[in-house]
Amino acid sequence: MSNHYITAAEHLPDEETTETTLQITDAETKRIFEARVRIAREPDDLTDPRPLRVVTGPHENVSEERYVELIDEIDSLGIDDDLLRRLASEQETTSNIVNTRSDDLKVVLRYLVESEQYDSTAEALRKIAFQYLAENRSDLLEAYEDVRTEFEADPLRRALAGDE
Amino acid sequence: MVTDSFREYLQLLEDADDLVSISELVSWDLEASAVTTLANRNDGEVPIFESVEETAIDAALVGDPYRGPQCRPWEFLARSFGLPDVRSGTAYYEAVVDRLRSPREPRVVDRDSAACKEAVHVGAEVDLLSIPWPYIHQGDGGRYSNLHTVVAPDPETQWGHWSNHRMMLHDDALASLLFLAGEQVPNRYYYEYEPRDEPMPVAVVIGAEPAVQCSTEMWIPTGRSEAAFAGGLKEDPVDLVPCETSDLFVPATAELVIEGRVLPNERLDEGPFGDYFGYMNGPRRSMPVLAVDAITHRPEPRVPFCVEGTGVGYGQNSSSTLQTAAAGPDATLGLQAAGFDVSLAVPWRFTSRTVWVIATDRPYPGYLHELANFIFTTWGMLHIDFFVFVDADVDPLNPRAVLTAIALESDPDADFHQFGVERMPKVPLNIYQTPDEKGSADVGTSKAKTAKAYIDATTDRPTANGSEDEALRARAQEVLVDAGLSPESFDLLGDEGGESE
């Protein structure tokens, strides 16, 4: 990995130094990845600045130099594994109740229960939510499954995480 | 000898001193492509880079292995198909068309006997960047694989559909594919798999045997299999083997196979890339994502690549040679099979893909328009702008003969025809449309359409009748006898020749 990166002008945020997700290329290895970053024109505006070549134009043959600070690398398909790990870790010591308020939803869920399609409104909500996530956010569920497997396979890590 | 693997093909080149092995350390970052560019321009030997910097697996890069000599681009492929005595382009076309008339179904072999399965990496073991993919041109969006066969599902044949779509490597498990709507495999993804929210399984085959690489460049009729035409080309079935992670089959002797899924509703940047027009082409576009599930390979795989852009002008590279030596004979056969009196259909060698020259008889008025209409409506027309029709006795492989036909036979008023004005698709790689005209269509092709055209460079003079021909032949025989040849072998001499019937 080098300390010099490349990105396209079209990817840049409107506001400088705001935290954003950006696709960048490692200038040396040509590896392309997404990261949470901050961008600035002046290196002094960032804590850990590294040169960033911003390419533009119809054939991307015009460029200008800016600076980038890498905060977190993100999985290429947009799943932030570190965030998932933090949430999974926090979940070990907090309540697992999910709350929401909606008269309409409650009526529909009770209908499903009283027509004997589900045993309880909680069960209906669990199954419907997981079914939706499996169909529409399978990447998120798969990433979470990996995190859970990692946690369950590492009791020492869990113990240490609990001490923190 | 017919070669059954890419490695045998390289050996064939080496045995004839047409391959140079470079053992010095070479960088994948522009250096391998720079050396290959010089070889392409200067008609040098095909370079194989045995020692590439920062390679996790011991792979070699091969620069434009299918490039043929500038004077006879088809020569190396003719040798690999066991046609070493074929010298002229016309003879090569006739021999290949003849082979393609007899397709041979492929043969499925066991995994244990498949060379491409000698190393198998699945799941977490997959590391796409362990292979020394070249960074080919300054300004490319990333490292590329661009000389390969993409195997995709085809409901009409169990062997799948084979085609070539450049692939930009992102990280250890992801790449983006240039899928231009209008082409067969991209259409299957955009209009069948993605609307069903279903990933499309594909395999990217790198370093396939020459017959496979050639059939990948061909336009095979719907319902037929490139695998069978590859078998016809070498007069022997191609060996296929099942993939590790899908129901697809891949050529068993390949150097390297990447198995994966093209994910629905996911996009990554693709490009810029210096493609076959000879110019950098950008900007980057959002293209479908290949998620890699498995990599299988031979020990020390040979990874071929093409320096696109060096096959214009007098230079040759793999893609320009494959157009001349594979796409041309295939198109010739296709037009003949459709009932047209075409003798040769040949891509113009200096700007491959954009212009084709077709030598044909013209049996009735309106025939050329009918022929043009057939081609424009049935071929993959993203790449081709126009055709030049010449008489059947003009050699389309001879640029001087073609330009002479255009200059002498084409009336600027009557013989330049436009077709489908502003309604025909055009690949966004072209440099005559502005970015605004190309647009940023969701499915990857040009938003703005363009026209197609053809030039009628066939002769408009009435064909000489038999009596004129005979008088000319008789006169020629008299001259030859006057010059001292024996009159016995001539059949049209008058009384003074003493031998006429």
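## Close-up views of a predicted model

**View 1. The place of A:Glu60 is in the loop between β4 (50-56) and β5 (62-74) of chain A.** This is a predicted model, in which local features need pLDDT of at least 70 and side-chain atom pairs count only at pLDDT 80 or more, while totals for chains, interfaces and linings use all residues. Residues are numbered from 1 along each chain as its sequence is written, and chains are lettered from A and ligands numbered from 1 in the order in which they are written. Strands (E, at least two residues) and helices (H or I, at least four) are DSSP runs, numbered from the N terminus. Although A:Glu60 is not a glycine, its phi is positive, at about 55°. A:Glu60 is buried, with 23 other C-beta atoms within 10 Å; a residue is called buried if 20 or more other C-beta atoms lie within 10 Å of its own, exposed if 12 or fewer, and partly exposed in between, with C-beta atoms placed from the backbone.

**View 2. A:Lys30 is found in the loop between β2 (20-26) and β3 (32-40) of chain A.** The phi of A:Lys30 is near 65°, which is a positive value in a residue other than glycine. A:Lys30 is buried, and 23 other C-beta atoms lie within 10 Å.

**View 3. Helix α1 (residues 81-91) and helix α4 (residues 138-152) of chain A come within 10 Å of each other, axis to axis, and cross at roughly 55°.** The axes are lines fitted to C-alpha atoms, for helices over the stretch in contact, and angles run from 0 to 180 degrees between N-to-C directions. A:Asp81, A:Leu84, A:Arg85 and A:Ala88 in α1(A) meet residues of α4(A), including A:Tyr144 and A:Phe151; two residues are in contact if their C-beta atoms, placed from the backbone, lie within 7 Å.

View 4. What covers the buried residues of α7(B) includes α4, β8 (161-163), α6 (210-216) and β12 (239-242) of chain B. Just after α7(B), B:Glu235 takes a positive phi of about 55°.

**View 5. B:Gly271 and B:Pro272 are joined by a cis peptide bond, with omega about 0°.** B:Pro272 is found in the loop between β14 and β15 (273-274) of chain B.

**View 6. Where the chains touch, 17 residues of chain B are in contact with 13 residues of chain A.** On the side of chain B that touches chain A, β14 (256-270) and β16 (280-281) each supply at least two residues. The residues of that side divide into seven nonpolar, five polar and five charged.

**View 7. Chain B is assigned domain 1 (6-305) and domain 2 (338-457), with bounds that come from an automatic or database domain assignment.** The C-alpha centres of domain 1 and domain 2 of chain B lie 27 Å apart. In chain B, 18 residues of domain 1 are in contact with 17 residues of domain 2.

Notes: Ala, Val, Leu, Ile, Met, Phe, Trp, Tyr, Cys and Pro count as nonpolar, Asp, Glu, Lys and Arg as charged, and the others, Gly among them, as polar.
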